[in-house]
Amino acid sequence: MRLALGRGLERIALGTGERVALTLDDHDVIEADLVLLATGLTPRTALAASAGLEVTASGIAVDRTLQTSHPAIFALGDAACVDGVNAMYVQPLQASAKALAKTLTGNPMPVHFGAWPVMVKTPLLPVVAYPPRVTPARWRIESDGADMSALAEDKDGRLIGFALTGGCVRRKVELSRAAPALLG
Ligand SMILES: Cc1cc2nc3c(=O)[nH]c(=O)nc-3n(C[C@H](O)[C@H](O)[C@H](O)COP(=O)(O)OP(=O)(O)OC[C@H]3O[C@@H](n4cnc5c(N)ncnc54)[C@H](O)[C@@H]3O)c2cc1C
């Protein structure tokens with residue numbers, strides 16, 4: 001394994017034969033059989049910050065009613081960090097929209113995020129993940145070919161997160177019931 005840390009990717013092009021040529025920003029060229037991209041997500045908070053709202057590295061800071069540090073401004077979705085939790089997927093966003101509709105129509109409604117796993121829509125290999133919010137004491141990993149389950153436990157053996165692939169994704173309901181809520 002060769003790590004190219006602290007460098008950016010400038011170009012991906014065809015390489016020799018079936019291979020792919022990756023040009024890094026120091027002009028180094030790496031040839032590869034396969035490219036996997038894992039880019040991560042960062043909320044863009046510059047606009048909120050320039051408006052004087054409180055922001056953190058995880059997004060625009062809001063309380064459980066989705067109110068920002070300005071009482072007349074609310075935030076939800078990928079940009080919002082709700083009471084310390086930034087959940088960048090659709091189910092928490094839908095729950096936030098419902099709660100905010102009530103709040104804005106005069107019935108303040110705090111949001112609640114259950115133990116809602118992320119369903120990754122990869123038809124070739126379904127993946128379901130509920131990442132633990134703290135570092136687990138141990139992972140229990142079982143696999144049978146592409147069917148894998150990885151259960152994260154705290155020091156008392158309680159389930160705090162999981163990742164499932166293939167046929168194991170069927171366990172998502174049972175495991176979600178056992179895991180702690182994202183925002184209780
Ligand atoms: C590749 C990918 C796959 C995903 N797959 C899943 C999935 O399988 N399941 C799931 O639950 N979630 C998935 N997500 C996450 C999901 O798409 C997001 O959680 C959701 O779209 C967030 O909605 P949002 O409204 O907060 O933000 P966005 O959908 O990002 O909407 C923000 C909008 O604001 C606009 N905007 C930004 N700045 C400005 C500005 N200054 N002025 C005007 N407009 C502006 C943007 O153009 C954009 O249209 C995926 C995300 C990505 C990137």
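Two strands count as paired if DSSP finds at least two bridges between them. Helices (H or I, at least four residues) and strands (E, at least two) are DSSP runs, numbered from the N terminus. The structure is a predicted model, in which local features need pLDDT of at least 70 and side-chain atom pairs count only at pLDDT 80 or more, while totals for chains, interfaces and linings use all residues. Residues are numbered from 1 along each chain as its sequence is written, and side-chain values use heavy atoms, with hydrogens and water left out.

**Exercise 1.** Describe the pairing and the cover of strand E11 (159-165).

*Solution.* 
Step 1. Strand E10 (residues 147-153) is joined to E11 by six bridges, and the two run antiparallel. Within this pair, Ala-150 has Ala-163 as its bridge partner.
Step 2. E10 and E11 form a hairpin with five residues between them, and Gly-157 in the turn has a positive phi of about 85°.
Step 3. E8 is also antiparallel to E11, through four bridges; here Thr-165 of E11 is the bridge partner of Val-127.
Step 4. For cover, buried means under 20% relative accessible area, exposed over 50%, and partly exposed in between (1.4 Å probe, protein chains only). Six of the seven residues of E11 are buried, and the strand is mostly covered.

**Exercise 2.** Identify the residues with the most contacts inside the largest nonpolar core, and the elements that supply at least two residues of this core.

*Solution.* 
Step 1. A nonpolar core is a set of buried Ala, Val, Leu, Ile, Met, Phe, Trp, Tyr and Cys residues joined through side-chain atoms within 4.5 Å.
Step 2. The largest such core has 30 residues, and those with the most contacts inside it are Val-82, Val-111, Phe-113, Phe-162, Leu-164 and Leu-182.
Step 3. At least two residues of this core come from each of strand E5 (59-62), strand E6 (80-82), helix H2 (90-104), strand E8 (127-130) and strand E11 (159-165).
Step 4. Contact means heavy atoms within 4.5 Å. Not counting residues up to four places away in sequence, Phe-162 touches residues including Val-128, Tyr-130, Ala-150, Leu-175 and Ala-179.

**Exercise 3.** Classify His-27 and Leu-66 as buried or exposed, and give the phi of His-27 and of Leu-66.

*Solution.* 
Step 1. Most residues other than glycine have a negative phi, and most peptide bonds are trans.
Step 2. His-27 has a positive phi near 70° and lies in the loop between strand E2 (20-24) and E3. His-27 is exposed, because its relative accessible area is 62%.
Step 3. Leu-66 has a positive phi near 70° and is found in the loop between E5 and E6. Leu-66 is buried, because its relative accessible area is 0%.

**Exercise 4.** Locate Arg-133 and list its contacts.

*Solution.* 
Step 1. Arg-133 is in the loop between E8 and strand E9 (138-144).
Step 2. Arg-133 counts as exposed, because its relative accessibility is 55%.
Step 3. Leaving aside neighbours within four places in sequence, Arg-133 is in contact with Gly-84, Val-85 and Leu-182.
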